[in-house]
Amino acid sequence: MAKRTEDAGARPVNRQDYPEDRFDRIARSGRVGAHRVTARPRYTWQYLIAALLGFAILTTLGVLAVHAIGDAGKLPIRGEGLTSSSGQTQPDAEINPDATIAVLNGTTTEHLAAAVDKIVTEEAWGKILFSGSASAADVQISAVFYSDPADEGAAAGLAAKLGGLSTYTTTDYDQYGAQLVVLIGADYQGPGLTEAAQIAAETDPGTDGSISMGGAGGGATAEPEIDPATGWEIDPATGFPIDPATGLPVDPATGLAADPAAPAS
């Protein structure tokens, strides 16, 4: 039997020889085989729990946001610098007769700012720089505002005189140039209500001197009488129609302006 004459170091002969290719020249290493990542099973209940937790968190945040927005609307403050003095160590409440004051009527009650203005001046609770209507007529909460911490005692003193109002620190009313700003809301029960009714009875003919602190739910004002011939309003004092051009009652018999103080003949 014939023998092969290849060198002893030659590779052994397999059942079938193949020509050498690029895979025969790969460097040897200790690595054997390859490891693949085994996919972990996914369970539906895990996604359900995660969804419920996310819904609960979002719902809680939404409720807190709604409460925050509702609380912010209780006072007509435009800025962020509102700080309540309640619950803090407060200085002794005192009346400062030299403190400058602005009075803002945030209700539909006419002459209320003027009445409070008159009382503050007569009682020497401060010096009025401005009194008039607020930017809104539907304010619900009455308060005294100040921007300088040094005026905290004067604000507390004035708030006590006006029926025990709350006090707040803010810079939103600095345009009035006053140390203290009194904002009158629908809850106001301090001095000036009776005086406002008296002013209304004196300056507005036909009113009964009643006070309404509300908005749309307040007392109704009597409709003026209209002269059918001219379409003008009738002056309650003289009974003559009022000329809208002059604002004076005109005697229909003479066509001349009548004395508003003189009774109708």
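1. Aromatic pairs: a search of the whole structure finds four of them, where rings of Phe, Tyr and Trp (its six-membered ring) pair if their centres lie within 6.5 Å. Ring pairs join Phe130, Phe145, Tyr168, Tyr173 and Tyr176 into a cluster.

2. A word on the model: it is predicted, with local features needing pLDDT of at least 70 and side-chain atom pairs counting only at pLDDT 80 or more, while totals for chains, interfaces and linings use all residues. Residues are numbered from 1 along each chain as its sequence is written, and side-chain values use heavy atoms, leaving out hydrogens and water.

3. Phe145 also belongs to strand β4 (residues 143–146), where Phe145 and Ala143 point one way and Val144 and Tyr146 the other. All of these are buried, meaning under 20% relative accessible area with a 1.4 Å probe, protein chains only. Strands here are DSSP runs of E, at least two residues, and helices are runs of H or I, at least four, numbered from the N terminus.

4. β4, helix α3 (residues 152–161) and β5 form a right-handed β-α-β unit: with the strands pointing away from the viewer, the path from the first strand over the helix to the second runs clockwise.

Note on methods:
Buried < 20%, exposed > 50% of the residue type's maximum accessible area, 1.4 Å probe, protein only. Phe/Tyr/Trp six-rings, centres within 6.5 Å; stacked < 30°, edge-to-face > 60°.
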